[in-house]
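Colleague: Please take me on a close look at one residue near the start of the chain and what surrounds it. After that, I'd be glad if you carried on through the helices, loops and pockets.

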Amino acid sequence: MASKRMAQLECQRHLFDLPNDTHFLNAAYMTPLLHAAREAGIEGLDAKRQPWHLTVLDFFEPAQRIRKQFARLIGVPDWERVAIVPAASYGLSTVAHNVMLRSGQTVVGVGEQFPSNVYPWKRLCEESEATLQLIPAGPRANERILDAITPATALVAMPHVHWATGAVYNLQRIGKRAREVGTMVVIDGTQSIGALPFDARSVGADAVVCAGYKWLMGPYSVGVAYLGPAFDEGIPLEENWIGRKDSDQFGGLVDYQPAYGPGAVRYDVGERSNFALLPVLEAGLEHVLAWQPKRIQSYVDTLFTPARLDRLAELGCHIAPRSQRAAHLFGIGLPEHTSPADVAGKLRERNVHVSVRGRSLRVSPHVYNTPADVDALIDALSAHLTMNLPSRAAEARL
């Protein structure tokens, strides 16, 4: 029997408004809108021009479709456990609002991770006389996180990949250890879900939160959050009408309902039925599901061939081994005595767009990038570094 092979994903640049001379390798900053997503957003915005055409279903059905899409993306069967949130910080604060800590307990997190997944736990620990333990990022981070999880650990709050370096955390092992000692697991998937395969059940995640404007290909100011059974009886950050049971019965809204809607609907942000933004996120998720995160990883991995990585090494740049990082997001460590901000500025002059994170350039390719984009990046780096580090460049040519 012939084995089934996953079809290689082809470049999707034609689905975006990206000029050929623009080399946008900065999806981790935010992804450009798909043509289809932009059109969906315009159509949704235009709906309010004649609001008499909007029906009760328009307040509910788009949100339901997005819940189902995200549940499918992270491998959970109950789509009603997905809430519509305006930002990752909102979803993480919702989780923190519904976690009880005792004095002496710990919350384990990752050092130098994005602050939205640090500030809620910092406040919660201060209020509860608990300890926030941030494990330094680095080659042994996975082992140190595992060692830090003890019966005194109430919660582990971390990403799948480090937002600056792209270092991948072994969530299966970490989740297994957490389950062994009865510790909750909260994942900020903003910089991975949509581009890197993720299965919430295999991780044993109690909550998974994602902003929508990066790898979910959505707009700014709308995201999603999976909230597992531990949050079934929780209290939302706000008491809005649409989170209550029978809220689709507009004629009975003043018959105040003490019960919330099913699953995680209670945690939806107010005015979640955003007629302009939800269609954009829905269109983005539709494409992500069609592309498949595994194929996205495979595609972007082919852009940085061994020969191109060798060229970067010859320039004195450092990239972590592929076994330690994601393909869709990683850091290029620059030679000493260079200014990352200056380097990024020179790249922008050549229409090459990346981010600066610490001493590194954060590079984050996506399905719209081509080998020409990567060559433009390397050529720009070569021109700048050779000019500013002649001795290093001369050694590289020997």
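**Arg13 and its surroundings**

Modeller: Setting aside residues up to four places away in sequence, Arg13 touches Leu18, Pro19, Asn20, Thr22, Val367, Tyr368, Asn369, Thr370 and Asp373; a contact here means heavy atoms within 4.5 Å. Before going further, please keep in mind that this is a predicted model, in which local features need pLDDT of at least 70 and side-chain atom pairs count only at pLDDT 80 or more, while totals for chains, interfaces and linings use all residues. Residues are numbered from 1 along each chain as its sequence is written, and side-chain values use heavy atoms, with hydrogens and water left out.

Arg13 belongs to the segment before strand S1 (23-24). Helices (H or I, at least four residues) and strands (E, at least two) are DSSP runs, numbered from the N terminus. With a relative accessible area of 11%, Arg13 is buried; that word stands for under 20%, exposed for over 50% and partly exposed for what lies in between, using a 1.4 Å probe and protein chains only. His366 is 353 residues away from Arg13 along the chain, yet their C-alpha atoms are separated by 9.4 Å.

Leaving out neighbours within four places in sequence, its contacts are Leu34, Ala36, Ala37 and Ala40. Phe330 lies 47 residues from Ala283 along the chain, with 27 Å between the two C-alpha atoms.

Now to helix H6 (residues 171-181), where Leu171, Ile174, Gly175, Ala178 and Val181 are buried. They are on the same side of H6 because they cover an arc of only 130° around the axis, the arc being that of the directions from the helix axis to the C-beta atoms. These buried residues pack against helix H5 (141-148), strand S5 (153-159), strand S6 (184-188) and helix H7 (200-203). Just past the end of H6, Gly182 has a positive phi of about 75°.

Backbone angles bring us to two loop residues. Most residues other than glycine have a negative phi. Glu112, although not a glycine, has a positive phi of about 60°. You'll find Glu112 in the loop between strand S3 (106-110) and helix H4 (119-128), where it counts as exposed at 66% relative accessibility. Ser221 is another residue other than glycine with a positive phi, near 80°. Its loop runs between strand S7 (207-211) and strand S8 (223-227), and Ser221 is partly exposed, with a relative accessible area of 42%.

Pro262 is in the loop between S8 and H8 and, at 44% relative accessibility, is partly exposed. From Pro262 to Gly252, ten residues apart in sequence, the C-alpha distance is 18 Å.

On to the pockets. On a 1 Å grid over the protein atoms alone, a pocket is an open set of points where a 1.4 Å probe fits, with protein on both sides within 12 Å along at least five of seven lines, and lining residues have an atom within 4 Å of a point. Grid points are joined across faces, edges and corners, and a volume is the space filled by probe spheres set on the points.

The largest pocket holds about 680 Å³ of space. Its lining has 31 residues, of which Gly138, Pro139, Thr165, Ala167 and Ala320 lie nearest the centre. The elements that give two or more residues to this lining are H5 and strand S9 (330-333), and S9 provides the largest share, four residues. By class, the lining of the largest pocket has 14 nonpolar, twelve polar and five charged residues; Ala, Val, Leu, Ile, Met, Phe, Trp, Tyr, Cys and Pro count as nonpolar, Asp, Glu, Lys and Arg as charged, and the others, Gly among them, as polar.

The second largest pocket holds about 430 Å³. Of the 27 residues that line it, Phe114, Thr190, Ala211, Tyr213 and Lys214 lie nearest its centre. The lining of this second largest pocket splits into 13 nonpolar, ten polar and four charged residues.

Finally, a word on the cysteines. The structure holds zero disulfides, a disulfide being a pair of cysteine sulfur atoms within 2.5 Å. Cys11 is partly exposed, with a relative accessible area of 26%, whereas Cys210 is buried at 0% relative accessibility.
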